[in-house]
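Student: I have a model open and a few things to ask about it. Can we go through them one at a time?

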Amino acid sequence: MDLAVEVIPRTAAPDWEAVYDRLSTLILVCLGLLMLITCRDYGYSYDEVWQNRFYGKAIASFYATFGVDVRALKYLDLHLFGGLYDTLSEMLAWLLPLPGHLTRRIVNVLTGFLAFVGTWKTGRVIAGPKAGFWSLLFLAMTPVFYGHTFINAKDIPFATGTIWTLYYLIRLVERPLDVSKGLLIKLGLSMALAIGVRIGGILLIGYMGLAWTIVLLFHYRRHPGIKESWHYIQQSSLARAFFIPLTIASGLMLLFWPYLCFNPLRFNSILQAATHHVWTKSVLFKGHYVYASKLPWDYIPGYFLVNLPELLVIISVPVLIWSLWKSWKHWHQLATKEFVALVLLLVSTLMPPAIVIINHSAVYDGIRHLLFVVPSLAVLSGVAFAQWGSLVQRLGIIIRPLLIGIFAIYLTYHIHLMIKLHPYQYVFYNIFAGGMPEASKWFETDYWMTSYYEAAKKIIDYARQVAARENVAFEDRRFTVGVFYVPINIKEFMPKNFIILEEDQVTHPDFILASTRWDSDKKFPQLPVIDRIERLGMIFSVIKSPHFQKLF
């Protein structure tokens, strides 16, 4: 009898870094395909028509006519904003053989997708593939950010430029004595995307200065002495490291900002206008309409509390505390890259909201103007979650699967909500607002009136019924539609036999389209509501018509 013991080879431990990279790639591929496939479902936002189609076109015309067409210098208040993104979007809409609406949706989606990629890469460069995965997942499961990537031609490009600037700054401090020209060019392009949209992008110049200050300070702590520090500055080519990105960023900003380009002395007045923007309308906050110029201090914190996913809200304070503690440890360990990364992320997450609150800046539409801090918060959370994962590994055989199961259920439910909200993910509210239907009584919902796109399709269907009932050809019957705010946003989608007017310009309309914002849906009470655009109990807009009986 053979008593030899068979040796069973041990299974090699999985390469978890590769696993997390593959998972991140899978998320990005699925996200990219989903965004491209569904982008045509999203309507124009309130501001988009003025920004892309008019301001962008005005800037292109300014150069095409060699300065004869001066609309770009005085168009509404948009001359106070950079036109880089608007102009490029409009030029692509003109060049590509696609409908203008679809082209603008694709451009928005690609820009927003880059924000997800930048968030993943930033988390990954700080703490490895695991942190990159969690950073990406936290941003992807933030419905407000995801929804805005389709419709926001200002804040999403700004957010994308910001997160990529942070990424390249972190890459820069990895090898401060050997910074490639390519890296500096990419840094400059990232800064241009933000500064070329909003003057507030000058914060990124401050972030760059902060990063280099920390690098020099850490070198001085390792090698004390003025002479040694001066030699290090010369070795690092500090002037070159500032000159290349700043030249690219400022050059592109000025090129697509004629109002500032031809009189740089206007910079200060533009900055003042940005920090004290005049917007005379009111916003819904905690069930009351408040003028944007007289917002309570908790407007921004309050909207962050109810707009972000519950998990991100719950862990945000522990994440910020943990990040401060880790920064303190990195300071004492002289870990330059890790310290710079956490400090930049903390500053970019906390400082902008603090400036808005302290400065009493006029903000509106919830957290829209501060969307650019969400990727930074996602990265901080991703880095922390990756570190905390080691604690979960040490938990008991019962608790660990339980926590994983709870998270899986929460994630599934969250994705379910995003699907139900489609294509209005940007109006998401968490349970801290009382849930979706309840939140609509206390906070803004479809403040950008993107639901008008869906409503326009329904109006066409109802109009066909009217024509059939009157026994006339649909194309021969003229229909008058009164629209509350931005009627131009639906003109592109309506047949030529439709007359689209502001609601106060019609006396005998065939249809009235009204948003629920500012109680516009309460006007024209004599007309019955025949349909409405809603999701999860939240009503965004209503359609009224004298040709049908009241359905709601």
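Student: Is Asn-430 buried or exposed?

Tutor: Asn-430 counts as buried because its relative accessibility is 1%; buried means under 20% relative accessible area, exposed over 50%, and partly exposed in between, with a 1.4 Å probe and protein chains only. This is a predicted model, where local features need pLDDT of at least 70, side-chain atom pairs count only at pLDDT 80 or more, and totals for chains, interfaces and linings use all residues. Residues are numbered from 1 along each chain as its sequence is written, and side-chain values use heavy atoms, with hydrogens and water left out.

Student: Where does Asn-430 lie?

Tutor: In the loop between α18 (399–421) and α19 (436–442). Helices (H or I, at least four residues) and strands (E, at least two) are DSSP runs, numbered from the N terminus.

Student: And what does Asn-430 touch?

Tutor: Leaving out residues up to four places away in sequence, Asn-430 touches Leu-305, Val-306, Asn-307, Leu-308, Glu-310, Val-313 and Gly-435. Contact here means heavy atoms within 4.5 Å. A polar atom of the Asn-430 side chain also lies 2.8 Å from the backbone nitrogen of Phe-432.

Student: New topic. How do β1 and β2 pair?

Tutor: In the antiparallel sense, over four bridges; two strands pair if DSSP finds at least two bridges between them. Leu-284 has Tyr-289 in β2 as its bridge partner. The hairpin has two residues between the strands, and Lys-286 takes a positive phi near 55° there.

Student: Now pockets. How much space lies in the largest pocket?

Tutor: About 1,100 Å³. On a 1 Å grid over the protein atoms alone, a pocket is an open set of points where a 1.4 Å probe fits, with protein on both sides within 12 Å along at least five of seven lines; lining residues have an atom within 4 Å of a point. The volume is the space filled by probe spheres set on the points, which are joined across faces, edges and corners.

Student: Which residues are closest to the centre of the largest pocket?

Tutor: Of the 42 lining residues, Phe-81, Arg-198, Ala-274, His-277 and His-369. Helix α13 gives the largest share of the lining, five residues.

Student: What about Ser-229, buried or exposed?

Tutor: Buried, because its relative accessible area is 15%. Ser-229 lies in helix α10 (residues 226–235).

Note on methods
A polar contact is a pair of N or O atoms within 3.5 Å; within protein, one must be able to donate a hydrogen and the other to accept it, and residues adjacent in sequence count only if both atoms are side-chain atoms.
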